[in-house]
Amino acid sequence: MVIAIDLDGCVYDTEEYYRTYAHFWDLAVVGNGLQKSDEMHMDKRFGWDKETINNFYDKFTAEIVENAPLKLGAKYVLDELKQRGHKLVCVTLRGYYQDCEIPITEKRFEAESIAFDKIVYNQTNKLQACLDENVDLIVDDNPDNVEMLAKNNIKCLHFRGIGMKNVEHEN
């Protein structure tokens, strides 16, 4: 089986880090306050404009990508899936906000002995990546991705964070 796996929020606990940093940054700098608690995108979560969200990602992305820990059990599950003969394809947005995300990720993979058969960075269109890689199943935490992929007949495991909207679909 070909299994695609998102990094942020599935393998690494970056989503929790982004939410925490965003709460503090909004409180200290922006002042909008939480607008939509079930929204995972920081611009919508806090009502930030494009300049504000870009400033946030410019300021914190490298630090978060470098320091957010592995999710509890992630390394075990990845190793177990590989041992059972599955092909693992990392399909991630990393590299979209800052170029430094890719070398930081590569360094972490090496240090933490994380091995994917293929890594697809800077992926804003996960459907196309899944089709290109003949993915049977994807693990992703973004409800928008899960909903879109499920509607396009890709089996999904929604790695849903606390307070995030639920996606209901037969796939």
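Mentor: The model is a predicted one. Its secondary structure comprises seven helices and five strands. Read along the sequence, these elements follow the pattern β-α-α-α-α-β-α-β-α-β-α-β.

Trainee: Which radius of gyration does the protein have, and what would a compact globule of 171 residues have?

Mentor: The C-alpha atoms fill a box of roughly 50 × 40 × 25 Å along the principal axes. For 171 residues, a compact globule would have a radius of gyration near 16 Å, and the protein agrees with this, at 16 Å.

Trainee: What percentage of the contacts between residues at least 6 apart in sequence join residues at least 24 apart?

Mentor: Contact here means heavy atoms within 4.5 Å. Among the contacts between residues at least 6 apart in sequence, the share that joins residues at least 24 apart is 63%.

Trainee: How much of the accessible surface belongs to carbon and sulfur atoms, and what percentage of the residues is buried?

Mentor: The accessible surface comes to about 9,300 Å², of which carbon and sulfur atoms hold 48%. A residue is buried when its relative accessible area is under 20%. Of the 171 residues, the buried ones make up 45%.

Trainee: How far apart are the centres of the positive and negative side chains?

Mentor: The protein has 20 positive and 31 negative side chains. The centres of these two sets are separated by 3 Å.

Trainee: Which element gives the most residues to the largest nonpolar core?

Mentor: The largest nonpolar core has 16 residues, and those with the most contacts inside it are Ile5, Leu7, Val11, Leu78, Leu88, Phe109 and Phe116. Two or more residues come from each of strand 1 (2-5), helix 4 (74-83) and strand 2 (87-91). The greatest contribution, three residues, is that of helix 4.

Trainee: Which residues does leucine 78 touch, beyond those up to four places away in sequence?

Mentor: Leucine 78 is one of the residues with the most contacts inside the core. In soluble globular proteins, nonpolar side chains tend to be buried together. Not counting residues up to four places away in sequence, leucine 78 touches Ile5, Val11, Leu88, Ile114 and Phe116.

Trainee: Is tryptophan 48 buried or exposed, and which residues does it touch?

Mentor: Tryptophan 48 is placed in the loop between helix 2 (42-46) and helix 3 (50-67). It counts as buried because its relative accessibility is 6%, where the cut-off is under 20%. Its C-alpha lies 8.3 Å from that of valine 30, 18 residues away in sequence. Leaving out residues up to four places away, tryptophan 48 touches Ala22, Trp25, Asp26, Val30, Asn32, Met42, Asp43, Ile53 and Phe56.

Trainee: Where is alanine 129 found, and which residues does it touch?

Mentor: Alanine 129 is found in helix 6 (residues 126-132). With a relative accessible area of 5%, alanine 129 is buried. Its C-alpha is separated by 15 Å from that of glycine 95, 34 residues apart along the chain. Not counting residues up to four places away in sequence, alanine 129 touches Val91, Val120 and Gln123.

Trainee: With which residues is isoleucine 119 in contact, leaving aside its neighbours within four places in sequence?

Mentor: Isoleucine 119 is found in strand 3 and is partly exposed, with a relative accessible area of 26%. Leaving aside neighbours within four places in sequence, isoleucine 119 is in contact with Cys90, Glu106 and Phe109.

Trainee: What phi do serine 113 and asparagine 122 have?

Mentor: Most residues other than glycine have a negative phi. Serine 113 lies in the loop between helix 5 (101-111) and strand 3 (118-120) and counts as partly exposed, at 48% relative accessibility. Asparagine 122 lies in the loop between strand 3 and helix 6 and is partly exposed, with a relative accessible area of 40%. Phi is positive in serine 113, near 50°, and positive in asparagine 122, near 55°.

How values were computed:
Residues are numbered from 1 along each chain as its sequence is written. This is a predicted model: local features need pLDDT of at least 70, side-chain atom pairs count only at pLDDT 80 or more; totals for chains, interfaces and linings use all residues. Side-chain values use heavy atoms; hydrogens and water are left out. A nonpolar core is a set of buried Ala, Val, Leu, Ile, Met, Phe, Trp, Tyr and Cys residues joined through side-chain atoms within 4.5 Å. Buried means under 20% relative accessible area, exposed over 50%, partly exposed in between (1.4 Å probe, protein chains only). Helices (H or I, at least four residues) and strands (E, at least two) are DSSP runs, numbered from the N terminus. The radius of gyration is taken over C-alpha atoms; the globule rule is 2.2 Å times the number of residues to the power 0.38. Accessible areas come from the Shrake-Rupley method with a 1.4 Å probe; for residues, only the protein chains shown count as cover. Lys and Arg count as positive and Asp and Glu as negative; His and the chain ends are not counted. The place of a charge is taken as NZ of Lys, CZ of Arg, CG of Asp or CD of Glu.
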